[in-house]
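Please keep the sequence and the model in view while reading.

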Amino acid sequence: MNPNTTTLFQKDLLHKALKQSFVKLHPRTLFRNPIMFTVEIGTAIMLFVCAWIAWGAKAQGSLSYNCTIFLVLLLTLLFANFAEAIAEARGKAQTDSLRKTREETPARLIRAIGEVYMGEITIVPSSQLKKGDVFLCEAGDIIPTDGEIIEGLATIDESAITGESAPVIRESGGDKSSVTGGTKVLSDKIKVRVSTEAGESFLDKMIALVEGASRQKTPNEIALTILLAGFTLVFIIVTVTLKPLADYSNAPVTIATLIALFVCLIPTTIGGLLSAIGIAGMDRALRANVITKSGKAVETAGDIDVLLLDKTGTITIGNRKATHFYPAAGIEEKHLIKCAVLSSMSDDTPEGKSIIELANIDPLSYTIDNPRFIKFTAETRSSGVDAEGISIRKGAADAIKNIVAQEGNIIPPDIAGRVKTIAGNGGTPLVVSENKAVIGVIELQDIIKPGIKERFERLRKMGIKTVMVTGDNPLTAKFIAEKAGVDDFIAEARPEDKMNYIRREQSEGRLVAMMGDGTNDAPALAQADVGVAMNSGTQAAKEAGNMVDLDNDPTKLIEVVEIGKQLLMTRGTLTTFSIANDVAKYFAIIPALFITAIPSLRALNLMRLHSPGSAILSAVIFNALIIPLLIPLALKGVPYKPIGASALLRRNLFIYGLGGILVPFIGIKAIDLIVSLFI
Amino acid sequence: MNTAILGPVLMFLATIVLALPLGKYMAKVYRNEPTFLNRVFNPIDRFLFKISGVDPGREQSWQQQMLALLTINVVWFLLGMLVLMNQGRLPLNPDHNPGQSAYLAFNTVISFLVNCNLQHYSGESGLSYLGQLYLMFLQFVTAATGMAAAVTVFYALQKDTLSTLGNFYNFFVRSLTRILIPISVIIALIFLARGMPMTFAGKSRMQTLQGDTVQVSTGPVAAFVPIKHLGTNGGGFFGANSAHPFENPDYLSNMVAMVSQMLIPFAMIFALGYFLKNRKLSLMIFGVMTAGFIALLIPTMLQEMKGNPHIAQMGIDNALGAMEGKEVRFGAASSAFWSIATTVISTGSVNAMHDSFMPLSGMNQMLAMMTNCFYGGCGVGILNFFIFMILAVFISGLMVGRTPEFMGKKIEAREMKIAMIIALLHPFLILAGTALSAAFPALTLSTLNNPGAHGLSEILYEYTSAAANNGSGFEGLGDNTPWWNISTGVVLLLARFLPIIGPVAIAGSLAAKKYIPESSGTLKTDTGTFGLMVLAVIALVAALSFFPALTLGPIADYFSF
């Protein structure tokens, strides 16, 4: 899936949305939107007025004029519906392309008798898989549905979902045990347990959310709707009371003009675009390959104060790399390098590989008899090789210290000093011993991702505190934190440390976002206000978070925050624009209402509009046209600039507030010039 | 500088100079911190609490405070009806004025109870001295009520998460004994020195130059008038209010009256800043209010000083400005200043007839009451402004990409609901009242002084004044009829208590929330940009909803003048 292929208005999408615009005219659907619902009532009244005039009423003006007003109001409704429909259609197109990966695929179901899985395998369509079923996948198979590997290891091509072509390894037991339906097994064989009922995967939930079936208004959307409904009520009062006041002043007004005034004054622009903005927010998240479980999560993302980021993969590139060999006094550097290489020969860890890389020696050029490789374990915290008369270990300084102590040796002071310096510079020292005597130290360094510092700077300007989470010791953590420009760090972090940190920040009123993949992370993901689980992570982690990142990209949090902010800003700026429009609309309609009875009010006709009829019509037409004109902005979102809240407010007030006052003056005048040709 | 302008400028500056230290003092009073006057007032307060059986230290939730507020108001209302309807038979009635009718007493007591003082009677013939004294009592306690409610909001805006917000009776009594009464005494002394009467002796007999004998009403005027201004009440002792020479003898008394009516509203804003230790917030609020005030004031002063073109056409010298309905001892500029000051602040005392101002000046007076938050009444002004701040915070908070928060507390659906209801209420009461009166001309037409657009202005002004709890009138309206008494009475009640309870409820709800520390992404509410936003919201919400009505009234009046 390429995020850029769906342009703003595709032909088939337009078609679908147009049809939906009419379907959505149903009062029960429109009732969800109080602002547009009142417009619908106004439109209905106009329909009656038209019928009344056709029947013979004289006082309400010409039939053609009233019908035009009716049609423009109907158009206003259709435009508003269209905005919502096109947003839905776009979101749906996006989810459809993901859903394509879920087409019926045969699944090799492993029959279970009681708790025991037998070897018997039946082929069933993927749609018949139930939660808890176990299926088998081998090289070349498409994985039929989401699940968790319970046995085996496989390389998997996830490009159908992430667009990333490099295969990934998924294996049972660890934090990378999840597989997604639609991805392809490239090698090996895995047994997978189905984790979700058909139709209830995150993607299915997301689709329902976008399509409106289960879309609920977010808290901020509700509050904004209250504000807009309040404005609508104010203008109901204004227009209803205007009738007796006008009669008293011997300036009778027609129903059409009153309804036109009302529809122009209520915030139809934002009212018509509000749900489109919300859908577009979720859609933008989806385009960034993030599945949100609710619209609220996107909204909350905009409010995040603290961002918890894992060091590895987010701040630093993958893993540490060896950068230096430091031999102990009296030891030749060549000898140290040889020992280091020997001990790393069968070491598959990235650190081990990087040592051989740095040594630039083919390990096979050394001959060693009967090697017995010792793997790294969490208890020994060292690894190495034993052979005839030689025993080499490399590991953390205190681990090696214990080993050499068995022979009564100590870490020589020059090496101890070096260890400290390396740690102080953010590196990791690996002390090497030969036959339980220290022969030197290898320096491993973290490589900070290019450009990450600028991103943190941007976050700081947004008012967001970044926290690095790492298993490193505090000294190393501090160095990297400073170098990368994060505000705080949690060193030697255990899962409960993350949890406590989140709780502490929350108790001080801050909102916290974090990303995680492991089962260990699940409680913290659930506790965080925005928890983004990696798609490769465990089922528990994905259940606990409120977003799932299909790309497994730890820097995604930053994008998610910006999407949230964009969503809120788009609502705010369009509300401002909509309300600011009222100034010009007043100056178009009010003189038009009374100019016949009180000619001196001509002076209020600032725009010098052609006639009362053309003025009112132009205002209503402007009011209708502005909705489709703003759909692109509503869907794309107002760009967020991290320039500080006050500067941002000034900027947006200038563009959307002042613009909102001026644009309709120009727009209504222009429309009036055209309308006056026909009246 | 033109001396006519110098007067208003001096009055305004003097108010600021006095309000700054007063605000600081008030913040201390409300924080229950020791002040230099403690030794005098502590025993008085203790005595008052002892006889009333109130424990000023008992913490109350906002709901309990509002219940206390409503309860004492009901008591004052019943007592007031009793006094005014029976004043003819009660003591202190040397002029033998009769008791008021039930309709009139209802309207009078309500209007004084709500700090409005829309007077549908003339003090000379409508009240006994006991009646006047009871109304004076109401002028004190209603001002203190508004201030106490504002202090509840002060408490609520602190950073802590609070479920109780101090004690209402404590704020109320402290407002009276430590602020309103002492300052009133000082003002009364100045008024006495300027020749204001202070007697219980009844009418004095006077012989005119022509040799006729006239009965001149006097009374305890010097005691009554200070709180009328200081408490932003505005209810006159005499029918002509502050245009009456006994109620406002000269330019100096005029200045003192002017300063004293703006004093507490100004000081309340500064007190908020001292109270929350956020002086920039005070500055923002004061700046916005002043901008609104000046925007209304300058055109009004210019119009009035320019004079009435129709009079100029008749060949009459108009150099002193439009002097119809104005007192020569105050002049056009100073009367224009007073008229805007008394309408932005909910005083409603007048020293000139607003009916006779130029059409657009009349519109500005109405706009001042329609917005009703540029300074505003004692305590309630800041409450009204608070609503607009909530609305502005909501919209501008979104515009900076966060869900909105004010003073570190999130604004959510509940707060929005209350804020919108209160913001709606004001246009609803004014427009609905005006529309009803216009729809049934049988009720109102005979009471109007003018036909056409100006007549509509009279109706619109009356309801605006009632809804803003202002109390001034576009006099000329014969407003002592059952329709006016009851309809404005209802408007008065709703427009007083809902806009007090609403903001307090919002503040109470905010107080219970968790404080969110500020970051660079947080919208700052103490900046000029935000001030501009608030001003825009006020202009759009408050002013624009009245545009159609104003067009048919004063604007039509102006263009067809």
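Two residues are in contact here if they have heavy atoms within 4.5 Å of each other. By that rule, 62 residues of chain A are in contact with 59 residues of chain B. This is a predicted model, in which local features need pLDDT of at least 70 and side-chain atom pairs count only at pLDDT 80 or more, while totals for chains, interfaces and linings use all residues. Residues are numbered from 1 along each chain as its sequence is written, chains are lettered from A and ligands numbered from 1 in the order in which they are written, and side-chain values use heavy atoms, with hydrogens and water left out.

The area buried between chain A and chain B is about 5,000 Å², and 77% of it lies on carbon and sulfur atoms. Buried area is the accessible area (1.4 Å probe) that two parts lose on being put together, summed over both. Of the area that chain A buries against chain B, 15% is supplied by Leu245(A), Tyr248(A) and Leu649(A), more than by any other three residues.

Asp305(A) forms a salt bridge with Arg402(B), with the closest N and O atoms 3.2 Å apart.

Which elements of chain A give two or more residues to the side that touches chain B? They are helix 7 (219-248), helix 15 (452-461), helix 17 (495-507), helix 20 (556-594) and helix 22 (645-678). Helices (H or I, at least four residues) and strands (E, at least two) are DSSP runs, numbered from the N terminus. Helix 7 of chain A gives the largest share of that side, 18 residues.

Chain A also holds an open sheet of 7 strands in the order 8-20-19-18-9-16-17, with mixed pairing. Strand 8 (290-292) and strand 17 (488-490) of chain A are at the edges with a single partner strand each, so one side of each has no neighbour in the sheet. Two strands pair if DSSP finds at least two bridges between them. Strand 9 (residues 306-310) and strand 18 (residues 512-516) of chain A pair in the parallel sense over 3 bridges. Within chain A, Leu307(A) stands opposite Ala513(A) in strand 18.

Over all chains, the count of salt bridges comes to 34. Asp45(B) forms a salt bridge with Arg178(B), the closest N and O atoms being 2.7 Å apart. This pair links distant parts of the chain, helix 2 (residues 38-52) and helix 7 (residues 168-193) of chain B, the two residues being 133 residues apart.

Key:
Salt bridge = Lys/Arg side-chain N within 4 Å of Asp/Glu carboxyl O.
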